[in-house]
Amino acid sequence: MAKPMHLERQEAYEWPVAVYLFLGGFGGALITLAFVLHFFKASASMTGPAVLSGLILFALAGAALVFFDLERPVNAIYSLNNAKTSGISWDVILIALNFVSGILFVLPEYGSIEALNGLAGALAPYQALFGAIAAIAGLLFPIISGGLLAAPASIPLWHTPALPLLFLVTSFALGLAYLGSLFTLSGTVYASFTGGILALSLLTAGISLAYLEHTHNGPVEAKEGAHRMLKTPRFIALYFIIGLAFPLALSAYLLFTGTVLTWAMPALAVSLFLGGFAVRNCVILNGVQTYPWPY
Amino acid sequence: MARLGMVIDMRSCVGCQACSAACSLENQTPYWSDKWRTRVKDIEKGVYPNTGRHLVPTICMHCEDPACMAVCPSKATFKNEDGFVLVDYDTCLGCKACMAACPYGARYVYDKEDIAEARAVYGDSAQHQKVHIDKCTFCQDRIARGMEPACAATCPTASRMVGDLDDPGSSVAKAVSSGLAKPLRQDLGTGPRIFYIY
């Protein structure tokens, strides 16, 4: 069957969108994981570095959003006007919420610093509350970011609930590997982190298959977008091999053989970072739509 | 209040682009960047020897339920009291969410270079002073003066008909109610006010 001659790549979003959706999702996942660790008292020493890393990523994501992608950065102040239906409004709200509650959550961890002593003491009774707010916002950010792309029905490659799920799971896999790396650097190796990464990588593989199924059985635009994506060597190498197969194989090997390798967590973090960015970037760049000609 | 709409007869369109030129003159669209609010696309379809060439006039559909409006974070995209989808240039962020959401490819960025060029071309009478996402307004200023949109007024083959969709006696309403004129991508549920005869 001949391909329609009017399939065209969408022109609205370019790679900067992938950067800030990726950094924001990663930051949100980190803050949520930090709260979980803190709540279960797994390691209080890691709460501060994890939350601060998440906040820095959010700051980068926010900066990327405002300065590199908006045509009118100053007008970002109006971006909260349409929270009822706009994914961008929700993302801005979640970034703001995460930023404020994340700072209030992490401050009590630095009570030993003299200048922060009084404030940390005052905030300490509410730490769990602020942590919970930051964690919920962090959990929602990658979902809403995926939803932002999934909104346009005219771009079927994006228009699927698999995308928010994929963004969520890849963000948390990377967050877990990053935290695992921090623990490794501080001299502790947790096997449960490896198990978590294996579980999340298996979920990623499952969602990726469901996503490919959606494109295979979906409209012609989805098929064309997936076809273009799968023809990109960068996507195959960075996402399927480095970002998916490698973490699956390494985490399964570590878990089932009981092997401890000091380089494993940083290697997993780097591979999941590359894979996480590659999938977002390639999905965005290959969003194909068709002009609605009646012929 | 009249619910104005447009019927475009593709059978009589000759692809002269007079509509594009009239629109550009009226609304100072950046023709120098090949950006248009309305344009006649020249589409080839099929595989040799069964090929065809079609002329398809494009324009904002001024949907009843516009996808672009729902995704706009600043409510810069809004519907006026007559139901036309417009952009508030003062509050537009230029985030392009509306461009991604519009199934009809009706929007473009009026960017810094275009603003500078518009100032050079039109001087003090330049209509566009700020970067924004631009689209068809259905020539609101002309409608207010009781005139047709520039594209319809200039079409030499009268391929663009404007009228009240709620007035059963109007040629536009007749074409729509008879099923002769149809909206594009009905499946998306956007409820376009622009209908095509093909």
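This is a predicted model: local features need pLDDT of at least 70, side-chain atom pairs count only at pLDDT 80 or more; totals for chains, interfaces and linings use all residues.
# Briefing on chains A and B

In S8(B), Asp164(B) is the bridge partner of Leu4(B). Chain A comprises 10 helices and two strands, and 36 residues of chain B are in contact with 32 residues of chain A.

**The sheet in chain B**

- Strand S1 (residues 4-9) of chain B and S8(B) run antiparallel and are joined by five bridges.
- In general, the strands of a sheet pair through backbone hydrogen bonds, in either a parallel or an antiparallel manner.
- The order S8-S1-S9 (chain B) describes an open sheet of three strands, in which the pairing is mixed.
- Strand S8 (160-164) and strand S9 (194-197) of chain B each have a single partner strand and stand at the edges, so one side of each lacks a neighbour in the sheet.
- From one strand to the next, the twist averages 25°.

**The contact between the chains**

- On one side of this contact are 36 residues of chain B, and on the other are 32 residues of chain A.
- Four elements of chain B each supply at least two residues of the side that touches chain A: strand S2 (39-47), strand S3 (50-58), helix H2 (67-71) and helix H3 (97-101).
- S2(B) provides the largest share of that side of chain B, with six residues.
- By class, the side of chain B that touches chain A holds 23 nonpolar, six polar and seven charged residues.

**The overall build of chain A**

- Along the sequence, the elements of chain A follow the pattern β-α-α-α-α-α-α-α-α-α-α-β.
- The radius of gyration of chain A is 20 Å, close to the 19 Å given by the globule rule for 295 residues, so chain A is as compact as a globular protein of that length.
- The C-alpha trace of chain A spans about 70 × 55 × 25 Å along its principal axes.
- Of the 295 residues in chain A, 51% count as buried.
- Among the contacts in chain A with a separation of 6 or more, 76% are between residues 24 or more positions apart.

**The two domains of chain A**

- Chain A is divided into domain 1 (12-151) and domain 2 (189-295).
- The centres of domain 1 and domain 2 of chain A, taken over C-alpha atoms, are separated by 24 Å.
- Six residues of domain 1 of chain A are in contact with six residues of domain 2 of chain A.
- The side of domain 1 of chain A that touches domain 2 of chain A has six nonpolar residues, with no polar and no charged residues.

Key:
Residues are numbered from 1 along each chain as its sequence is written. Chains are lettered from A and ligands numbered from 1 in the order in which they are written. Domain bounds come from an automatic or database domain assignment. Two residues are in contact if their C-beta atoms, placed from the backbone, lie within 7 Å. Ala, Val, Leu, Ile, Met, Phe, Trp, Tyr, Cys and Pro count as nonpolar, Asp, Glu, Lys and Arg as charged, and the others, Gly among them, as polar. Two strands pair if DSSP finds at least two bridges between them. Axes are lines fitted to C-alpha atoms, for helices over the stretch in contact, and angles run from 0 to 180 degrees between N-to-C directions. The radius of gyration is taken over C-alpha atoms; the globule rule is 2.2 Å times the number of residues to the power 0.38. A residue is buried if 20 or more other C-beta atoms lie within 10 Å of its own, exposed if 12 or fewer, and partly exposed in between; C-beta atoms are placed from the backbone.
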